[in-house]
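User: Hi! I have a new structure open and would like to talk it through with you. Could you take a look?

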Amino acid sequence: MPGWDEFGDLNRGYVLELYERFRKDPGSVDPESRVIFERWTPPASEDAGPVAESAIGVKRAVGAVNLAQSIRRYGHLAAQLDPLGSRPPGDPLLLAETHGVTEDDLRRLPADLVPSPLSDGAGSMLDLVEAFRRVYCSTTGYDYSHVFVPAERNWLRQAAEGGQFRAPADPIDPVALLDRLSQVESFERFLHRSFPGKTRFSIEGLDMLVPVLDEVIGEAAESGIRSILIGMAHRGRLNVMAHVLSKPYEQILAEFKDPLSSRNFREDMAWTGDVKYHAGATRAIKDGREIGMEVSMPPNPSHLEAVDPVVEGMARAAGTTTDRAGAPEFDPRRSVPILIHGDAAFPGQGIVAETLNLSRLNGYDTGGTIHIIVNNQLGFTAGIRESFSTSYASGLARGFKIPIVHVNADDPEACVEAARLAFAYRATFQRDFLIDLIGYRRWGHNEGDEPAFTQPVMYQKIASHPTVREIWARTLVERGTVSPDAPEALTAKYMNQLQHALDALQPEKDFVEPLPGPPPPGAAARTQTAVPLDRLAALNAALLNTPDGFSVNRKLERLRERRVNVFAKPDDRTIDWSTAEELAFASILEDGISIRLTGEDAERGTFSHRHAVLHDSSSGALHVPLQALPQARAAFEIHNSPLSENAALGFEYGYNVQAPSRLVIWEAQYGDFVNGAQAIIDEFITSARVKWGQQPSLVMLLPHAHEGQGPDHASARPERFLQLAADINMRIANCTTAAQYFHLLRRQAALLLTDPLPLVVLTPKSLLRHPMVASAPRELSDMRFRLVIDDDAAAGHANLVRRLIFCTGKVYVDLAGNELRAANPQIAICRVEQLYPVPMRDLRALVSQYAAADEIVWVQEEPENMGALDFIRPHLQEAAGGRPVRAIARPRSASPAEGSSARHSRQQQTIVEAAFAKSTVEARPRPQESYAR
Ligand SMILES: Cc1ncc(C[n+]2csc(CCOP(=O)(O)OP(=O)(O)O)c2C)c(N)n1
């Protein structure tokens, strides 16, 4: 007689349903099943007699199996997840009667109808169902039925039902846990007492966050992980800093005192610092005398969740080695990112979805992130139904097939089990895991805020709700694990420790800020970026090699053939923009500096100019010339990013600050789209140095130019970057030749460790292939980056020049290439290639060289209220030494450019004509359209 084995791994409920169909109509099942069922009787429990022979018996067995499966799937809906005791929603599918079975039926059916580690100890289906309820409807809600990979789902089921991550299989030290909770709680109580009303964003109500982190970090240390990166917002941050990152109490207390001393208040210094709950910290965990592991929490801004991609980028960098040529190597066993989210922020902030979307992508995968939602069931004042449309705050994670465990933060053992499960799952599958730690918020949004204005009922409950330490202490006293006065003694110990630290505090001395040291003066100006011709020619030849049998697309092959001879005549302009870029990259790799370049469609390049990854035209095989370069001494990687700016740029920022010796470049599809990442630009790239002492050197390539493609696709919004430019916080360039771009990239690579600054480059579109932008090989081999470029044509007759035009970027080509130029030798056109730091010395030198010029004119194609005009005007005025400075631009406008290409051409023409007009004042075309002032 065939048994269950006959059906292999098939779900037994399904088999029984199939059997029921067969019984009614043998023809309704497939022939193979028919053959088996003809000889088969559904197994019955031993004491029930042969119930299975009857249709009712089969129905009951089907019902019992479905009930058990429903508990697995929906048990979390009946779990007691809220420490404040709200009733779980439940679900009819969790009731036996919904499935047509009674307790008696269950008692008569055998437990092995449903394979499970719990079936072994169960005498009947009733035992099994009860055991399932204890696992799935307790203070833990396992929410993993959305995981589609069977091996992962089976593992999760086995882990939940097998209990290998909880006592007794994996015991917890109950006293150590009480000790830790006492420390966590005392910290908050002490601050509350000593600094009443001062904002600290207390952890209280979610105190278990600290033991959960302890558990993950402990597991990570044991498994040989080298670095843990934690991203978290304000809530509980000080407590985590003190206890997980070992930030000394003295330092935290000194920050509460907020001393104004000569150490942290110097008006001449580019330093603002930040509030204490944004600061970062690093802790080295020593393994003997060696540092076994480093736990870091980078600083972050108020912008909730903005740090998520940053931490992912840091983890990717920490797990990647780049010191060998070819592709870099990523090993998920080196680093673990942990992201701690708010329950309102996780569903509300789009950057979370963007970050989750990075998790399985080539070049972005970090081998699994452990997410923890510190779920206090409130936003600021907003409640659940005002914050998310999903069933749980964690709902978004389901779409990414991330297993979720909801856990009641008042059950310490359940929380520790969730942490163990999370780490083990990540270690096994290298995938994300989410712990939804459900607690409450003991105080208002901050400690000065009155929560009862908006949540009166909830806060009545909270007022009389014991803390988790009290609950755990009571449990241990009841179990006889500790004596009744032991818990209070622990609290007293930690309160005394804090009091002692406060009594001994020397705020000015204990207050520590991570000020970066100044760079060596003139480092940028001294940098040599030229590369000898023979070296360049050899790199060029190597880049043009392809593996035997590799067939390059025919159109591309023709372009590549043209590149074979670019070094034949070193004074001819044979090097276009993309060739210059590839040669810059190749020479940087040859210098031993690795490169990472990402962006939407960056591999080919938006304008089909880069082709850094070649696709074999018949097999589709890939060839990356910069990875196959024999001269390279470091790794090269390039990835098409997903269609994201905010998370994609945040990720590169994180990668960059974690690995400052590598050249990291992000390219926007068009410059316009960079404003989708404005928070990353404002909060990290441009201000991290003066707030937090970080020293980013990320490069942003932003295509920018008015070319008649409409209001978008025109502007990288240089005015935004220029408005943010202060305290030498970045470099902003808009170069007009391929050689300038070559030297700019090489200068950036050379300065990575000596004078690092973010670099914003406004890059060309149509000019990528323009002959005026192409450079001669000798400009690469004999020159360097020029901050300002003089007008060669006018330099010979400087004394005749009456108008000195300054401009930047593509409008130079429009002006210099125009027929009016030849007719106007009294006009010189100079290019400002680096907008920031403003090259004042060069500007002054140029102006003084043209002593006869009686006006200085800034020409830009952007509207007057955009582009560099407002930023550069005072600098030009200063350089002009009293001579008038005028401007020619598109009229002020709410949108960067015209929608019609015809109107664009007309406007462009007007600007050029105005630049060459006899008097720039006369050139004003219509009163309301001030092309010139
Ligand atoms: C992007 C952003 N928008 C608004 C705020 C203002 N804000 C600070 S905390 C907070 C509520 C956050 O709620 P939740 O994510 O549940 O975290 P909690 O403070 O409750 O721990 C808000 C709206 C912010 N910091 N960041």
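Analyst: Happy to! One term before we start: buried means under 20% relative accessible area, exposed over 50%, and partly exposed in between. Please also keep in mind that this is a predicted model.

User: Thanks. Let me try that on lysine 401: what is its relative accessible area, and which class does that give?

Analyst: Lysine 401 has a relative accessible area of 25%, so it counts as partly exposed. Lysine 401 sits in the loop between helix H14 (396-399) and strand E9 (404-408). Its backbone deserves a look too: phi of lysine 401 is near 60°, a positive value in a residue other than glycine.

User: And glutamate 305, what is its phi?

Analyst: Glutamate 305 has a positive phi of about 70°, and it is not a glycine. You will find glutamate 305 in the loop between strand E4 (290-297) and helix H11 (307-318). Its relative accessibility is 6%, which means that glutamate 305 counts as buried.

User: Now the ligand. Which residues come nearest?

Analyst: There are 15 residues around the ligand, and those that come nearest are Arg235, Ser302, Asp343, Ala345 and Leu378. Sorted by class, the shell has five nonpolar, eight polar and two charged residues.

User: How much of the ligand's accessible area does the protein cover?

Analyst: On its own the ligand has 580 Å² of accessible area, and the protein covers 75% of that.

User: Switching topic: how many salt bridges are there?

Analyst: The count comes to 41 salt bridges. One of them joins the side chains of glutamate 161 and arginine 72, at 2.6 Å from N to O. This pair links distant parts of the chain, with glutamate 161 in helix H6 (residues 150-162) and arginine 72 in helix H3 (residues 55-74), 89 residues apart.

User: Are glutamate 161 and arginine 72 buried or exposed?

Analyst: Both glutamate 161 and arginine 72 are buried.

User: What about glutamate 878 and arginine 844, how far apart are their closest N and O atoms?

Analyst: They are 3.0 Å apart, and the two residues form a salt bridge. Here glutamate 878 belongs to helix H33 (residues 869-880) and arginine 844 to helix H32 (residues 840-849), 34 residues apart. Glutamate 878 counts as partly exposed at 48% relative accessibility, and arginine 844 is partly exposed at 38%. There is a network as well: salt bridges with shared partners join Glu185, Arg189, Arg469 and Glu488.

User: Where might I find cis peptide bonds?

Analyst: The bond from alanine 167 to proline 168 is cis, with omega near 5°. Proline 168 is in the loop between H6 and helix H7 (174-194). Another cis peptide bond joins tyrosine 836 and proline 837, where omega is about -10°. Proline 837 is in the loop between strand E22 (834-836) and H32.

User: Last topic, strands. What does E9 pair with?

Analyst: E9 pairs with E1 in the antiparallel sense, over four bridges. Threonine 140 stands opposite valine 407 in E9.

User: And which way do the residues of E1 point?

Analyst: In strand E1 (residues 140-143), Thr140 and Tyr142 point one way, Gly141 and Asp143 point the other way, and all are buried. In a regular strand the side chains alternate between the two faces of the sheet.

Terms used. Residues are numbered from 1 along each chain as its sequence is written. This is a predicted model: local features need pLDDT of at least 70, side-chain atom pairs count only at pLDDT 80 or more; totals for chains, interfaces and linings use all residues. Side-chain values use heavy atoms; hydrogens and water are left out. A residue is near a molecule or strand if one of its heavy atoms lies within 4 Å of it. Accessible areas come from the Shrake-Rupley method with a 1.4 Å probe; for residues, only the protein chains shown count as cover. Ala, Val, Leu, Ile, Met, Phe, Trp, Tyr, Cys and Pro count as nonpolar, Asp, Glu, Lys and Arg as charged, and the others, Gly among them, as polar. A salt bridge is a side-chain nitrogen of Lys or Arg within 4 Å of a carboxyl oxygen of Asp or Glu. Helices (H or I, at least four residues) and strands (E, at least two) are DSSP runs, numbered from the N terminus. Buried means under 20% relative accessible area, exposed over 50%, partly exposed in between (1.4 Å probe, protein chains only). Two strands pair if DSSP finds at least two bridges between them.
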